[in-house]
Amino acid sequence: MRKIVAFLLLFQAGSLFAQDQISTLPIWEKIEEPGKKQDWLLNSSGKNAQVYRSINNKDIILSNGLIKRSFRLQPNLACTDFINLSNDQQLIRAVSPEARLTIDGKTYQVGGLHGQKQKAYLLNNWLDELTVSNTDFLYKSYKITPVTPVVNWKPAANEWASNRKQPTGKMLTFSFESDLVALKGVIVNINYELYDGAPLICKWLSIENKSKKTIKINKVINEVIAAHEEESTVDGNSAEMKTPHGIYIESNYAFNNSMNARLSDQTTHWNIDSAYTSQVNYSYKTPCLLEVYPPIGPGVELAPEKTFNSIRTNELLLDSYDRDRNGLAQRMMYRKLAPWSTENPIFMHLISIDPAVVRKAVDQCAETGYEAIILSFASGLEMEDLSAENITRIKDLVDYAHNKGILMGGYSLFSSRRINDDEDVIDPKTGKADVHAQFAHAPCLGSNWGLAYLAKIKEFIKKTGLDIFENDGPYPGDVCASVKHPGHKGLDDSQWAQMELQKGLYHWCNENGVYVNAPDWYFLDGTNKIALGYREANFSLPRAQQVILNRQNIYDGTWEKTPAMSWGFVPLTQYQGGGAAATLEPLSEHLDSYEQLMMQYYGSGIQACYRGPRLYDTEVTKKLVIRVINWYKKYRTILNSDIVHLRRADGIDWDGILHVNPSSKEKGLAMLYNPSAEKITRKIVLPVYYTGLTNQVNIREKEGKAVSYHIDRDYTVTYEVTIPANSYTWLVME
């Protein structure tokens, strides 16, 4: 530890400058008195981000009335307090560095304090006794700026969205420098973005190279939190122990095609903390040290006057073990951070690019109220073909659709395909192509072919005027050991570089008004929709089984995703076999199944890929489609609102979901289904808490007369309903 008096005097002088700045900030006071807390999921008004100072000017505090994060500034900056103000849960048990960097092969701490002996809890009067290391990056200054958009999304006027606003809040930036000669001119900025109206903070860092030499950034750990353990266990494997439930972490570095946030996450690591010697676990294996970092790299060579930006780590504080409540909080995070994911155009999947078929489909969409067409896989669309003939042919179809008020999209496959041994990802152990590619084969996005692919997609979209890009097989995380690919240097930076390239394409689409369907978790970097989660082979099963399976998929796929974030699948023509028993075409012969599938998807707010050559075949079918779409548009706001899960489909008894939105005209809308061959009457307990209603609720079945119900003190209403055989009903709450 540093003991040199001269240095301490110099460091203290720098701190005094920061302290003078801090004295101009308002003093922290308790935001709310006990018993007066409002539930942010129902009403987040007045919960705006602000920066405060402690009374003694030693601490700077970031809070929006929902969470509070405090930082001690002397003798180095360290986070000393991280509290969920909704339930007063403290997350911090010990000080940690603000970040940990490996530069040119050597590891350094950014900020942090040393000398805390008891790591089970942290007392304020211990802080003045802690010390600084001469190898750490030292705090120099701070600044406060408004939160700025990550993606400059401009919502299209003709695309429906439940949220058309970017998030607001305050960003607090701490700057650090090192006294080591090897790091002279290297500036590290730690950024905290606190958002208005949610217990949500985003942490990321930037590294500015103001030196005269290139440095290599081997590894970046942009968040370190010594958190309280979730459970007490004397023995056991850390991988099997519970991790702290009070904080949900999601970074914009997720992939692998699982279409699930937790499993797509690549950066959240709950590690053991052997320095925490008073923990109950005798082997010190409790997973209570949060470290956030990409699994590989970045391995970036940072030239002079260049800046490196880390991943963005979003930290959402949770106040419950209830699955629906935590899911509602997570979905609220997406609505705020990725408002583009609330866009939800009504589309079909067209299986042909034959001009006559496309024009007929466009006409049917315009007549029935559909809003978009995606030229599907196996339709014949080739987005990599930039020939004048291909561009002209597709542009003519797009122009025809636009003249009818219909958006037009196209499908393109990136991964899960082989190019050649030079362009595909190279295995680091064998030096051969495609050996461990996730989808058996994969081109490297940083190869000549990969870079050309990105350029071709952009050029094709610009020249044809396509509104939607369906990108199948986005970059799934494959590493590449090639040293010949122009988009990355070698193995160390291959994952980081390919991720940046993929995200760059989605940023470009988002900022140019191009809606993106992509079956991987790129929401925080501009994509709009991901698959709900289904097995394609199931669409070869009999229609009656597909109906039940689809409702199970809807129920299971909406715990973390909003309705607008998902797409389902309804093949109108035969798909992967199954014959006539599995197929909806001819549509007029299977109206019951067609209606049921549409109503359960639209009734959940989820767009399905209605894959076929047409939406209707007779006037009767046309009237059915128009009736369903008109119903969906009438209730569009509440149907696109969050879902509370009532009962999962089991094919035996009723099942259903409840949409809730305290801000809409309809506060709730329940979709209830009967899978049996006879009508059933059930008393259903409806949890109405998240409708925002507290004493009375008016409930009507379908378009019938509303009846007023008293809300019980557990915020439930018991409603008796009769559901027709093999059919559905809905309840509207106002």
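Predicted model: local features only at pLDDT ≥ 70, side-chain atom pairs only at ≥ 80, totals over all residues.
On the H6 side, the contact is made by Leu451, Leu454, Ile457, Lys458, Ile461 and Lys462; H7 contributes Leu501, Leu505, Trp508 and Cys509. Sorted by class, the contact of H6 with H7 holds eight nonpolar residues, two charged residues and no polar ones.

The loop between strand S24 (468–472) and H7 contains His485. Is His485 buried or exposed? With a relative accessible area of 4%, His485 is buried, since the cut-off for that label is under 20%. Leaving aside neighbours within four places in sequence, His485 is in contact with Asp422, Glu423, Asp424, Cys444, Gly446, Ser447 and Cys480. One of these, Asp424, is 61 residues away in sequence, and the C-alpha atoms of His485 and Asp424 are 9.9 Å apart. Asp422 takes part through its backbone: the oxygen lies 2.7 Å from a polar atom of the His485 side chain. The side chain of His485 also makes a polar contact with the side chain of His488, at 3.4 Å.

Attention now turns to the strands. An open sheet is formed by four strands in the order S6-S14-S17-S16, with antiparallel pairing. Strand S6 (92–94) and strand S16 (268–272) are the edge strands, each pairing on one side only. On average, and with direction ignored, neighbouring strands of this sheet are turned by 45° against each other. Within the sheet, strand S14 (residues 223–227) and strand S17 (residues 287–292) run antiparallel and are joined by four bridges. Glu223 has Val292 of S17 as its bridge partner. In general, strands of a sheet pair through backbone hydrogen bonds, either parallel or antiparallel.

A further residue to look at is Ile83, which is found in strand S4 (residues 78–84). Ile83 counts as buried, with a relative accessibility of 16%. Apart from neighbours within four places in sequence, the contacts of Ile83 are Leu66, Ile67, Lys68, Asp88, Gln89, Gln90 and Leu317.

Definitions and conventions. Residues numbered from 1 in each chain as written. Heavy atoms only, no water. Contact = heavy atoms within 4.5 Å. Helix = DSSP H or I, 4+ residues; strand = E, 2+ residues; numbered from the N terminus. Nonpolar A, V, L, I, M, F, W, Y, C, P; charged D, E, K, R; others polar. Buried < 20%, exposed > 50% of the residue type's maximum accessible area, 1.4 Å probe, protein only. Polar contact = N/O pair within 3.5 Å; in protein donor to acceptor, adjacent residues only side chain to side chain. Pairing = 2+ DSSP bridges. Axes fitted to C-alpha atoms, helices over the stretch in contact; angles between N-to-C directions.
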